[in-house]
Amino acid sequence: MRVIGCLSGTSLDAIETAAADITLEGRTLVVRPLGARNEPYPTGLRRELEAALPPAPTTAAAVCRLDTLVGQAFAGAAARTNEQVCAELAELVVSHGQTLFHWAEDHRVRGTLQVGQPAWIAERLGVPVVSDLRSRDVAAGGQGAPLVALFDALWLGRSAQTRAALNLGGIANMTILPGLGDPLAFDVGPGNALLDAAAAHLSGGAERLDADGRRAARGTVDGALLGRLLDDPYYKLQPPKSTGKERFHLPYLLQALAPASDLAGDDVLATVTELTGRTVGEVCRRHAVAELVVSGGGARNPTLLASIARAAPETALTRSDHYGIPAEAKEAYAFAALGFLTVHGLPASLPACTGARSASLLGSVTPGSEPLRLPPQAVSMPERLRVEPARARAGAAVPTA
């Protein structure tokens, strides 16, 4: 089945799409990546999204407008990926959408809201769309995140030593795969969320991120500011746990900066980078992680990766590309695989990771232009995932990263 996965993370920087041929061969899920694309949000839409995010107030009218505009933007991105990456029309689109609010309270997630109306995608491409993947896990008592844990567990599998998959998006999430026992997954804390907020604030909006960690590399970590940031009680919560920009946003950072208002901008960026490095490194040390497989936008930041390496000197850092999945597109490929499981009647969540009462069939299915005909239900869950080169097809486009 040819599947396109679409999402936009908490950084709000772009719509990520990835196309793959996915098959189930016995107990093995086989993923053949075809290519991936990254489309920046139109500037006006990104600003509207930022204006609606907590702690800013918003309105039902704004949410309705964003649901439509994001859905249209995702439809366009999926269509262009289909044209440029797939030689033939995709058979399924899996859209995570854009998280607007993740309602976490008293160590529980009570609801989650992703905008990006899937009807626009179904209308544009004429194929079924799986969307709203997190809500069913939340309804089953889970955190609804990180949903990529099942993909990570099938993909990296068991080894003699503990391995972990780290996604450095706006929020850093990690799946820990011990040699024995159940996987564990949770949101560690901010990945790029505070770093991007600081870069934009310090530059008056001229910069949206600290490109390649250059400013942080020039700065000096401020111990007092780092201590205040590390005092956040979120880090002491036991998994399962999840978080988002509802907690880690610019006003949160400005409050921590208040006693150090004269701190140089590069020092602020160095300190916020060190916050992510320390919190990720502490998890690696606590769980004796031998290898950390890194993906997400933060995988391009050498200053951040160096901070993690200092905080966890016994852990080897590897990009996900080494295991066949491009670092910049890993979550898009993961959601494509989760939606594939859904339409084959298979649960795609790991209760040991999200805290749900049971594994759930994830998402809602929006029919395409034809009557909905789902594939035959699979007999059993896959036990492993194998990444293979795409099979050559006449007229196939060259995959793009």
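Q: In this predicted model, why is the way α10 passes α11 called right-handed?
A: α10 passes α11 in a right-handed crossing, and that name is used because the near helix is turned clockwise from the far one by less than a right angle.

Q: What makes α10 oblique to α11?
A: The axes of α10 (residues 265-286) and α11 (residues 302-311) come within 7 Å and cross at roughly 40°. Angles under 35 degrees count as roughly parallel and 65 to 115 as roughly perpendicular, so α10 is oblique to α11.

Q: Which residues of α10 and α11 meet?
A: On the α10 side they are T273, E274, T276, G277, R278, V280, G281 and R285, and on the α11 side T303, L304, S307, I308, R310 and A311. Sorted by class, this contact has 4 nonpolar, 6 polar and 4 charged residues.

Q: How many aromatic pairs does a search of the whole structure find?
A: There are 6 aromatic pairs.

Q: Why are Y234 and Y235 called an edge-to-face pair?
A: Their ring centres lie 6.2 Å apart, and rings pair if their centres lie within 6.5 Å.

Q: Are Y234 and F248 buried or exposed?
A: Both are buried, which means under 20% relative accessible area.

Notes:
Residues numbered from 1 in each chain as written. Predicted model: local features only at pLDDT ≥ 70, side-chain atom pairs only at ≥ 80, totals over all residues. Heavy atoms only, no water. Axes fitted to C-alpha atoms, helices over the stretch in contact; angles between N-to-C directions. Helix = DSSP H or I, 4+ residues; strand = E, 2+ residues; numbered from the N terminus. Parallel < 35°, antiparallel > 145°, perpendicular 65-115°, else oblique. Contact = heavy atoms within 4.5 Å. Nonpolar A, V, L, I, M, F, W, Y, C, P; charged D, E, K, R; others polar. Phe/Tyr/Trp six-rings, centres within 6.5 Å; stacked < 30°, edge-to-face > 60°. Buried < 20%, exposed > 50% of the residue type's maximum accessible area, 1.4 Å probe, protein only.
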